[in-house]
Structures are given as C-alpha cells and as structure tokens.
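Subject: the model we talked about

Hi,

Here is the structure I promised to send over. Could you open it alongside this message and follow along?

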Amino acid sequence: MHCLSPKMVCETKIVAEDHESIPGSKKDTIIVSSSQMWPSLAGSPSSPPPTLSSPKEDPKRDNVYIREFHPSEQEVVRRIFYEGIMERIPNTAFRGLKQQPLTQLLYGLLAVICFVVTKSFLLTCCLPIFLMGMRYYFSRKVILHYLDCALHTDMSDIEQYYMKPPGSCFWVAVLDGNVVGIVAARGNEEDNTVELRRMSVDSNYRGKGIAKALGRKVLEFAMLNNYSSVVLGTTAVKMAAHRLYESLGFKHVGVVEHYALPGMTRSLLERMFFQLRYHRYRLQLREE
C-alpha cells in the first residue's frame with residue numbers, strides 16, 4: 001500500500017459541535033485565558049473575562065482541560081480518531097448528496113431512463129435504493145483506505161510525528177481523567193504557517209465546547225511561536241464543523257471540487273458514487 005508522506009496526510013475532521021470554551025487547569029494553559037487572548041477571533045463582541053468557579057460551584061467545567069499528549073495515550077487517541085473518521089462514511093454517502101446538484105440531476109435522469117426502458121414502477125422505485133447503496137459502498141471503500149493510510153503514517157507514532165519536531169505539537173482534552181478529544185498542530189517554516197490537524201471529540205462528550213477549546217489551543221500555540229497564520233483543510237459535510245471554524249476566526253479561502261483522497265482510483269463508477277469537496281480555511285494572526 002502506498003501512503004502519502006506525513007506532510008501530505010489528509011485533512012483534519014472535526015466532529016464536535018460549536019459551543020463556548022471550557023477552562024483548563026492552572027498547570028496547563030487555562031482555556032479561559034486562551035479565549036481572552038482571541039476576542040476578535042471568536043467573531044463575537046468582547047465580553048468581561050469570566051470568573052473561574054470553584055469546584056463546589058461548577059465541578060463539571062473545572063474537570064475539563066487541555067494538555068500535551070503522552071505516549072501512554074496512543075491507543076485511546078487512535079480510537080477517538082478512528083471513530084471520528086468512521087462517521088464520515090454515512091455523512092459523505094448520504095448527507096453529502098445535498099451539496100451535489102449535478103449528481104442529483106444525474107440520478108434523476110437515470111430514474112427516468114429506467115422507467116422508459118423497463119416500464120416498471122417497481123424497478124424505478126427500487127433504483128434510488130440501489131444508488132444509495134452504491135454511494136455507501138464506495139464511501140466506505142475510499143474512507144477505510146484513507147483511515148488505514150493515516151493510521152500507518154502520523155497516527156502510528158504521534159510522539160515521533162508531532163511531539164519531537166519543532167513547531168509541532170499534539171494535545172488531548174481530558175474530562176474526569178479520561179481523554180475525550182484530540183488536536184494537532186504542524187508548523188511549516190517555509191511560509192510561516194501552522195496547520196490545525198486531526199481534531200476530533202469522542203461522541204459521548206460532544207456539546208461541551210471541547211472542539212472550540214482545542215481549536216483555541218492551536219491558535220495560542222501559533223501566536224506564542226510567532227507564526228503568521230493558521231490554516232486547515234477539511235472535507236467535513238456537517239455545517240456545524242464549518243460554523244466552528246468561523247467562530248474561531250477562520251476565513252473560507254477556497255474549495256476544491258471532486259477532491260481525491262489517497263487510494264482513490266478515479267474510475268467512472270467511483271466518480272459517479274463518491275464525491276468530496278475540500279474546503280480551505282485560513283486565520284491571519286499578523287502581517288509578515
């Protein structure tokens with residue numbers, strides 16, 4: 001199997017909802033402090049700094065914090081990443097069709113042709129089921145190949161790929177002693193940017209603002225290391241993911257239609273039943 005180099009491994013997938021940030025522990029960078037650093041990036045009016053609650057007043061918020069990855073957490077991090085990517089199969093196959101008007105038109109024409117040729121209402125009514133089944137099959141086939149590639153490149157040794165190289169880092173979100181979210185940053189010295197990657201939140205802990213807290217951690221890292229901007233690319237279908245980027249201050253800077261993941265054959269059937277749109281986002285921190 002041929003996989004891309006670590007720098008070319010596919011884009012981050014965010015699977016958490018967009019909510020307010022959650023404070024961290026004092027030992028690590030406090031998320032509330034991080035949000036105060038980015039009042040203009042969050043896309044909302046400035047507000048007075050929130051007061052940290054005592055554990056008795058709000059123990060749930062105090063239990064969530066962001067810290068650097070430890071090698072002992074390799075397996076749980078891979079599990080969160082794996083589950084997040086697997087969610088993309090039905091999303092791409094079914095939800096993604098809403099964003100593909102030409103494909104909808106093609107499927108409609110196939111239904112008309114089926115009726116004209118067969119004169120059968122039954123076969124014509126069964127055609128959409130067949131088409132959705134084919135979309136799921138190709139979505140699963142391509143995304144599983146992408147997942148296998150990722151698990152054999154950067155996600156195979158997080159310590160080596162993200163913790164050791166300068167300008168890169170990997171963080172985990174911890175709630176009640178459990179790792180519930182992940183995010184990575186990888187710097188590019190050539191254009192002085194840092195890429196936000198591999199963001200994912202355990203499905204059992206969504207709706208708590210963990211994704212936004214993870215994103216702000218990357219922004220803080222970029223600012224402290226004097227990067228000029230933060231970039232990311234995603235094929236996320238859910239609008240919640242795109243709203244999250246925008247709430248962090250990212251601007252949509254382009255889209256690639258019919259984006260190809262590693263392992264795609266680009267055959268006629270694959271192009272007919274599997275399509276991706278690759279969105280690029282950028283957040284300018286300072287002018288060069």
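Below are my notes on the sheet, the salt bridges and a surface patch.

First, the ground rules. This is a predicted model, where local features need pLDDT of at least 70, side-chain atom pairs count only at pLDDT 80 or more, and totals for chains, interfaces and linings use all residues. Residues are numbered from 1 along each chain as its sequence is written, and side-chain values use heavy atoms, with hydrogens and water left out.

On terms: helices (H or I, at least four residues) and strands (E, at least two) are DSSP runs numbered from the N terminus, and two strands pair if DSSP finds at least two bridges between them.

Strand 1 runs antiparallel to strand 2 (residues 168–175), joined by 5 bridges; V64 has L175 as its bridge partner there. Further in, strand 3 and strand 4 are antiparallel over 7 bridges, with G181 partnered by V201 in strand 4. These two strands form a hairpin with 4 residues between them, and N192 in the turn has a positive phi of about 55 degrees. On to strand 5: strand 4 runs parallel to it, with 3 bridges, and T193 stands opposite S229.

**Strand 4 and its charges**

Strand 4 is mostly covered, with 8 of its 9 residues buried (buried is under 20% relative accessible area, exposed over 50%, partly exposed in between; 1.4 Å probe, protein chains only). I count 9 salt bridges in the structure, each a side-chain nitrogen of Lys or Arg within 4 Å of a carboxyl oxygen of Asp or Glu.

R197 and D154 make one of them, at 4.0 Å from N to O. R197 is in strand 4 and D154 in the loop between helix 6 (121–151) and helix 7 (158–163), 43 residues apart. R197 counts as buried because its relative accessible area is 1%, and D154 is buried too, at 0%. E195 also bridges to R197, at 3.5 Å, and shared partners join D154, E195, R197 and R198 into one network.

Another pair is R206 with E87, their closest N and O atoms 3.0 Å apart. It links the loop between strand 4 and helix 8 to the loop between helix 3 (74–86) and helix 4 (88–93), 119 residues apart. R206 is partly exposed at 22%, and E87 is partly exposed at 22% as well.

**The nonpolar patch**

L102, L105, L109, V112, I113, F115, V116, V117 and F121 make a nonpolar surface patch of about 940 Å². Patch residues have over 30% relative accessible area and no salt bridge; like charges are joined within 9 Å, nonpolar side chains (Val, Leu, Ile, Met, Phe, Trp, Tyr) within 5 Å. Areas come from the Shrake-Rupley method with a 1.4 Å probe, and for residues only the protein chains shown count as cover. Helix 5 (residues 101–118) gives the most to the patch, with 8 residues. V117 is in helix 5 and counts as exposed, at 63% relative accessibility.

Cheers
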